[in-house]
Amino acid sequence: MARRNPMRDEIAIVGVGSTKFGRDAGGVSPASLACEAAINAIRDAGVEKSDIDGVVGVLEPGAPRANQMAAALNLPNVTHHSGPMPVAVFGLVDAMTAIFSGQCDTVLLYYAFTRLPWNSRSAANDPFRRYMMMGGGTAKPPVPEAIDPAAAYTAWASRYIHEYGATREDFGRVALNMRANAARNPKAVMQFPLTMEDYLSARMIRDPLCMLDMDIPVDGADAFILTTTEKAKALTPNPVVIHTATAGIVGKNDEDQLPNLSRHGQHVVIEALKERSDIWIDDVDVFFPYDGFTIITLSWIENMGYCPPGGAGRFMQEHWDDASGSVLINGRVPMNPHGGSLSEGASRGTGHLREAVTQLRGDAGERQVADAKTALIGCGGFFFNSQGAILKRL
Amino acid sequence: MSEPVDDEALVKRFPWVQITHDSKHLFRGWLDERLLINRCDNCSLFHHPPKPICPECWSSNLTPTEVSGRGVIHLAMFLRQGAPAPDVDYLKGPHPVVTVDLEEQEGLRFSSTVVGCPVEDVKIGLEVELTWIERYGSPFPVFRPRTEGAS
Ligand SMILES: [Zn+2]
């Protein structure tokens, strides 16, 4: 530990709320999903409208802004409202820093994600979705050669294979792990089993990655209530505290200019987490590596230090639990027990965060990790959205 | 070299690109089939994509400088589907998209497609050089396997 961490264990998550995840929510707006998740989280926390003085609404395409959410819920006294970018930990960091600094005491943090016209045929047929774009949006059509974030993960997967001789099976094990875990999560959209044969014969989208290397777009929402740990103790017998959370980027973060696979956002995140905490992988009970693309998961496993660079495929094989059809590190620690973005649905990390809280509360039902006390989240990818968090049961 | 076109005309020549004051020199270069990469007058380092200042020394004295376009493929992927372009037919086979380490400076990369060879020959490590195709009526920089001076 070499860095200040005054927020350590000072902010707690006291409420979680969610909606059904669907391949087609059908006729509902992202605002409607956001409200449903928010109300569930508020009721779960047992707080009143007037207690919520912070609203953090993540800028997902089509999602309501924080002020629109405050209006929908008629929150009377809001002193902090903001709109961080996806993925999940940006919002978490914004909420916790706002509470810690005294800008507000209790935050509603929400994320509503929507299948966009370009990633779903039925979404393209919904006239109310046509205006929705990821990011700032542009009227210019993309070109095949654009190294946009999605394509860039495939490009760097080619480099990973080149440098380490990784096989398709190494990537496939990530997909199989998530699918097997999804079977124990009623919320997950991908409920049918997946074999390595299925993976190897799946449609290629951009070689070297196939359809099953990419997360599955869904309509849905997740919401969280955060407050001070002191207040949390009065609200719930089992508050989950944020030990530390961080983002991380390197200077050369344009997708095709990244220095190399040994130096990108994930490395900055991991250094920051380790320097602010004494907790590391030997203390972790549940591990949440992001899986927007399988290459990202392989990289998190290696960069967190579970195995050397290039070794994630072999690591998963060595820690494979045949009974559950999934990874159990040292026979104990699962990887994304909810099924991850690949099989629960592409929540851009909010599912990972929700499941971490659920596990640490002991509410995960048949997929509960025995006596889970500590969760490690590696969220986002390589370029501009690498993030991490360590959550603890108090 | 052709007459330099004004900003209005430049935008019309590349209706599929969002050109900014920082990237306009790059696209003006394309019209002359020259790949102009920002180079710092102060520390002489190149950078790409174009930025308003040199990321290394923060000098704003930048000169878009023609590079050879020779280099080695660093990343390679093959699109079975993707954004449309008049010269790309995904039904005929995967469309290669590569990121090339340019010989001018370590880690200076430019991404495009590869023409002039079977798609199976496009691999990380292949030595390539620049050539130009036409896309939407304007020149578009692409790579082909090195023909001259390949080591
Ligand atoms: Zn300079």
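In this predicted model, strand β11 of chain A, residues 326-329, is joined to β12(A) by 2 bridges, and the two strands run antiparallel. One residue pair shows where they meet: A:I329 has A:V333 as its bridge partner in β12(A). These two strands belong to an open sheet of 3 strands, whose order is β10-β11-β12 in chain A and whose pairing is antiparallel. At the edges of this sheet stand β10 (320-321) and β12 (333-334) of chain A, each of which pairs on one side only.

Chain B holds an open sheet of 3 strands as well, with the order β2-β1-β3 and antiparallel pairing. Here the edge strands are β2 and β3 (62-66) of chain B, each pairing on one side only. Strand β1 of chain B, residues 36-40, pairs with β2(B) in the antiparallel sense, over 2 bridges. Within this pairing, B:N38 stands opposite B:H47 of β2(B).

The reader may now turn to the division of chain B into domains. Domain 1 covers residues 1-66, and domain 2 covers residues 68-151. Taken over C-alpha atoms, the centres of domain 1 and domain 2 of chain B are separated by 20 Å. How many residues of each domain are in contact with the other? In chain B, 14 residues of domain 1 are in contact with 15 residues of domain 2.

The size of an interface is often given as the accessible area lost when the parts come together. For domain 1 and domain 2 of chain B, the area buried between them is about 1,400 Å², and 71% of it lies on carbon and sulfur atoms. On the side of domain 1 of chain B that touches domain 2, the elements giving two or more residues are α2 (24-31) and β2 (46-47) of chain B. The residues of this side of domain 1 of chain B comprise 8 nonpolar, 2 polar and 4 charged ones. Between the two domains of chain B there are 0 salt bridges, while 4 residue pairs are in polar contact, with both residues at pLDDT 80 or more.

A further interface lies between the two chains. There, 33 residues of chain B are in contact with 26 residues of chain A. Chain B and chain A bury about 2,500 Å² between them, and carbon and sulfur atoms give 54% of this area. The count of salt bridges between chain B and chain A is 3. In one salt bridge, the side chain of A:D254 meets that of B:K51, at 2.6 Å from N to O.

Which strands of chain B supply at least two residues each to the side that touches chain A? They are β4 (71-79), β5 (95-102) and β6 (109-112) of chain B. Among the contributors to this side of chain B, β4(B) gives the most, with 7 residues. The side of chain B that touches chain A is made up of 19 nonpolar, 10 polar and 4 charged residues.

Strand β4(B) also takes part in pairing between the chains. Strand β5 of chain A, residues 204-207, is joined to β4(B) by 2 bridges, and these strands run antiparallel. In this arrangement, A:R206 stands opposite B:L79 of β4(B).

Notes:
Residues are numbered from 1 along each chain as its sequence is written. Chains are lettered from A and ligands numbered from 1 in the order in which they are written. This is a predicted model: local features need pLDDT of at least 70, side-chain atom pairs count only at pLDDT 80 or more; totals for chains, interfaces and linings use all residues. Side-chain values use heavy atoms; hydrogens and water are left out. Domain bounds come from an automatic or database domain assignment. Contact means heavy atoms within 4.5 Å. Buried area is the accessible area (1.4 Å probe) that two parts lose on being put together, summed over both. A salt bridge is a side-chain nitrogen of Lys or Arg within 4 Å of a carboxyl oxygen of Asp or Glu. A polar contact is a pair of N or O atoms within 3.5 Å; within protein, one must be able to donate a hydrogen and the other to accept it, and residues adjacent in sequence count only if both atoms are side-chain atoms. Helices (H or I, at least four residues) and strands (E, at least two) are DSSP runs, numbered from the N terminus. Ala, Val, Leu, Ile, Met, Phe, Trp, Tyr, Cys and Pro count as nonpolar, Asp, Glu, Lys and Arg as charged, and the others, Gly among them, as polar. Two strands pair if DSSP finds at least two bridges between them.
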